[in-house]
Amino acid sequence: MKTKIKAIALALALALGFGVLGAAAGAADVKSLRPTEANQPDAPPAIFKVVEGAKHDRAYRQQPPMVPHSIDKYETDIKVNQCLRCHEWPFSDQEKAPKISDMHYIDRNGIRQDTVNGNRYFCKQCHVPQVDAKPLVDNKFQPATLNTNLR
Amino acid sequence: MSNDNSAGEKGLLSGWWGALCKPSSRWSLGGLLASGIVLGVVLWGGFNWALEATNTETFCLSCHEMEQNVYREFRGTIHDSNRSGVRATCPDCHVPRPWVYKMIRKIQASNEIWHKILGSIDTREKFEAKRIELATHVWTAMKATDSRECRNCHDFGAFDLTRQTSRARNRHAEAEQQGKTCIDCHKGVAHQLPAGAFKAERELNKSMEGETKP
């Protein structure tokens, strides 16, 4: 009886030992799409600066204009929207900032209002600043402005 | 009875006053001088120590009103963490440095202790309801002093405009010409803005027109 238990324990220990070895060998075989090993934590993302003062061209007709300045300090919540402090009329005239398009004042019933409609309140959903990061993978996208077939 | 009492108090008071006016017949002049100097150093030192001890971020944050509202909003802003690690803490912006104005602000702060006892802003809801009033106080003071506390560190004359972004460069040059003060544009740099901030700003500018720098 005792020898039987001993034998089972030995078999278990061997099995576990091989299992661990096998797992270690397996991790080395797995190829990760990321630059780090599959069983290692990801490398921290690179830090890019927001492009300030550049004029970002639109890539297609309906594209929301992109923001040529950093916006991380501007508060947008139920109390205030600091984007509106410069871009809503009449501030846009005083601050010489681009004026919000009139489309943003039309409510869901198609009626023009005097304040920016709630559907459009969160500017950063569509209007974003750009950083000088290169695309991670090749991309054949061409802006509509380069597509001469259209005109 | 009351006559007796007042007479007794008067007697005691005039007795003390008389003792203070008379030259000492018991203590030596040197002893009096030495004890006076020691007492003076201890009292003046203690006064300054108390002044400095109540002029630290730790002291401000010992009240939950400050720690749970304004301090948490302040965390992560440019005055809290930045590339060079130079921080501006509560008193750097909210307590004047010149002695006279510092004293005036310290005496005003006794009102804040009163409201701490009353519990005027002891919940987030009460604080949010009062935020517009509190913020307007700070904006008004900053406008009246030409943003004195900002300028302790940010000297317009020391601006290197070439190192600023084009947007900041243009606006700063413009602001200097128009005689604007820091707080006119930089509201809510370290704390969240109150609801209705832009309306309050317009009203404040209107009511204080011509009061700031010529």
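This is a predicted model: local features need pLDDT of at least 70, side-chain atom pairs count only at pLDDT 80 or more; totals for chains, interfaces and linings use all residues.
Figure 1. In chain B, 68% of the contacts with a separation of 6 or more are between residues 24 or more positions apart. The secondary structure of chain B consists of 11 helices and zero strands. Followed along the sequence, the pattern of chain B is α-α-α-α-α-α-α-α-α-α-α.

**Figure 2. Dimensions and burial of chain B.** Chain B has a radius of gyration of 25 Å, whereas a compact globule of 214 residues would have one near 17 Å. The C-alpha trace of chain B spans about 75 × 45 × 35 Å along its principal axes. Buried residues amount to 9% of the 214 residues of chain B.

Figure 3. B:Arg148 belongs to helix 8 of chain B, a helix made of residues 148-151. Is B:Arg148 buried, exposed or partly exposed? B:Arg148 has 16 other C-beta atoms within 10 Å.

**Figure 4. Helices of chain A and their confidence.** Chain A contains three helices and zero strands, and its pattern along the sequence is α-α-α. The average pLDDT of chain A is 84, and 83% of the residues score at least 70. Which elements of chain A have the lowest and the highest mean pLDDT? The lowest, 65, belongs to helix 1 of chain A, residues 2-29. The highest, 94, belongs to helix 2 of chain A, residues 84-87.

**Figure 5. Contacts and burial within chain A.** Of the contacts in chain A with a separation of 6 or more, 44% are between residues 24 or more positions apart. Chain A has 151 residues, and 5% of them are buried.

**Figure 6. The contact between chain A and chain B.** How many residues does each chain bring to the contact? Chain A supplies seven residues and chain B supplies 10 residues.

Terms used: Residues are numbered from 1 along each chain as its sequence is written. Chains are lettered from A and ligands numbered from 1 in the order in which they are written. Two residues are in contact if their C-beta atoms, placed from the backbone, lie within 7 Å. pLDDT is the predictor's confidence in each residue, from 0 to 100. Helices (H or I, at least four residues) and strands (E, at least two) are DSSP runs, numbered from the N terminus. The radius of gyration is taken over C-alpha atoms; the globule rule is 2.2 Å times the number of residues to the power 0.38. A residue is buried if 20 or more other C-beta atoms lie within 10 Å of its own, exposed if 12 or fewer, and partly exposed in between; C-beta atoms are placed from the backbone.
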